[in-house]
Amino acid sequence: MAAEILPTHTPALFAAAVKVAAKRLRAGEVVALPTETVYGLAANALDEKAVAKIFQIKGRPAHNPIIIHVASNEMAAACVAHWPAEAVKLSHAFWPGPLTLVLPRGKNIPDNVTAGGETVGVRWPSHPFMQAVIRECGFPLAAPSANLSNQISPTNAEHVRGQLADKISLIVDGGQSQVGIESTVLDLTTQPPRVLRPGMIHAESLAAVCGEISDHQSLLSDSTLRSPGLLAKHYSPQAKLLVLDWRDDADLLAQLSTFNFQLSTTHVIAHTKIPAGFPAEKVSVIPHDAEAYARALYGELHRCDAHGATLIVVEAPPETAEWSGIADRLRRAAA
Ligand code: TXA
Ligand code: MG
């Protein structure tokens with residue numbers, strides 16, 4: 001199978017791609033679709049057999065549950081057993097957008113979506129194409145990121161093609177993902193609600209809407225693993241990745257000399273301290289702005305892999321709430 005890639009950059013192409021994608025989804029197929037966070041590998045969330053194909057294509061372990069994507073609050077409420085007051089407030093504040101709410105599962109949700117658990121993650125994505133397909137289908141879509149298990153999530157159609165072209169029949173090109181890292185996952189089945197995966201909607205914003213939130217750090221020190229996606233090793237590039245802070249070139253080289261590294265295949269990703277002593281094509285500069293940085297990060301990691309980097313050195317991000325989702329992904333990529 002060689003995936004067909006459908007463009008969406010004119011209204012006519014967009015409408016045609018919606019029809020094709022919805023038709024395949026109705027037939028129980030799996031297709032790659034754009035979302036504002038990262039591209040998703042989608043199937044009818046109410047069709048257990050279709051969802052099983054997602055696990056098979058990704059090589060995803062059966063114990064890792066999948067997020068359900070909806071296109072209205074009513075559709076979200078229909079996937080869960082209970083739609084609590086916090087969900088009303090949070091959905092009002094952040095949907096459509098990069099926030100996944102974990103709630104008690106509805107009876108209609110197949111076991112493989114929840115990985116046999118009693119909860120389900122739901123999200124109303126803001127990407128117009130994803131919304132249009134869900135509305136056209138009339139059913140919610142189960143979709144993990146459209147990468148092979150444990151690889152970097154795709155933020156454009158080309159990234160999806162690189163990993164999955166021979167495994168799926170359709171990739172819809174909806175442009176560059178605007179957020180660039182995966183959604184914040186918030187568990188509303190605990191009191192206080194708890195951040196299972198940080199993202200660009202950070203704990204302080206969530207707390208401003210629904211009161212006390214227990215953040216990701218407290219979770220890391222908790223021995224019970226609430227979300228398999230929190231396994232330390234995840235989102236990894238092929239190269240070894242180091243997150244470092246340095247004063248100047250000499251300091252960077254001195255720090256690197258303690259590792260067994262090859263300068264010719266080392267790439268640097270910087271946002272404030274741009275090393276002058278490295279060849280220009282081996283240095284990526286991402287703006288020092290959390291949103292712009294998140295949008296560009298995975299693209300840079302994909303690019304380093306494509307160039308055969310063996311070591312990626314990333315300048316440490318600031319330790320503020322705005323950067324917490326980015327810091328989390330870098331920590332995992334470095335694990
Ligand atoms: O932004 C996103 O969330 C993207 C786009 C495609 O929507 N999706 C995504 O899916 O990142 P995935 O499967 O790559 O990551 C979902 C994460 C995993 O860490 C999974 O363990 C966790 O969410 N998760 C899903 N359902 C859960 C549940 N019921 N309870 C706890 N964690 C859950
Ligand atoms: Mg993923």
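I began with Thr190, whose side chain reaches the backbone oxygen of Pro192 at 3.0 Å. I note at the outset that the model I am reading is predicted.

I then asked where Thr190 sits, and found its place in the loop between β9 (184–187) and β10 (194–197). Is Thr190 buried or exposed? I looked up its relative accessibility, which is 18%, so Thr190 counts as buried, the cut-off for that class being under 20%.

Next I turned to ligand 1 and listed its surroundings, which come to 25 residues, with Thr37, Arg60, Asn64, His69 and Ser183 as the closest.

In Arg60, a side-chain N or O atom is 2.8 Å from an oxygen atom of ligand 1, and in Ser145 a side-chain N or O atom is 2.9 Å from an oxygen atom of the ligand.

How much of the accessible area of ligand 1 does the protein cover? On its own the ligand has 670 Å² of accessible area, and the protein covers 97% of it.

Finally I checked which elements give two or more residues to the shell around ligand 1, and these are β6 (119–123) and β10. Of the elements, β6 gives the most to this shell, with four residues.

Terms used:
Residues are numbered from 1 along each chain as its sequence is written. Chains are lettered from A and ligands numbered from 1 in the order in which they are written. This is a predicted model: local features need pLDDT of at least 70, side-chain atom pairs count only at pLDDT 80 or more; totals for chains, interfaces and linings use all residues. Side-chain values use heavy atoms; hydrogens and water are left out. Buried means under 20% relative accessible area, exposed over 50%, partly exposed in between (1.4 Å probe, protein chains only). A polar contact is a pair of N or O atoms within 3.5 Å; within protein, one must be able to donate a hydrogen and the other to accept it, and residues adjacent in sequence count only if both atoms are side-chain atoms. A residue is near a molecule or strand if one of its heavy atoms lies within 4 Å of it. Accessible areas come from the Shrake-Rupley method with a 1.4 Å probe; for residues, only the protein chains shown count as cover.
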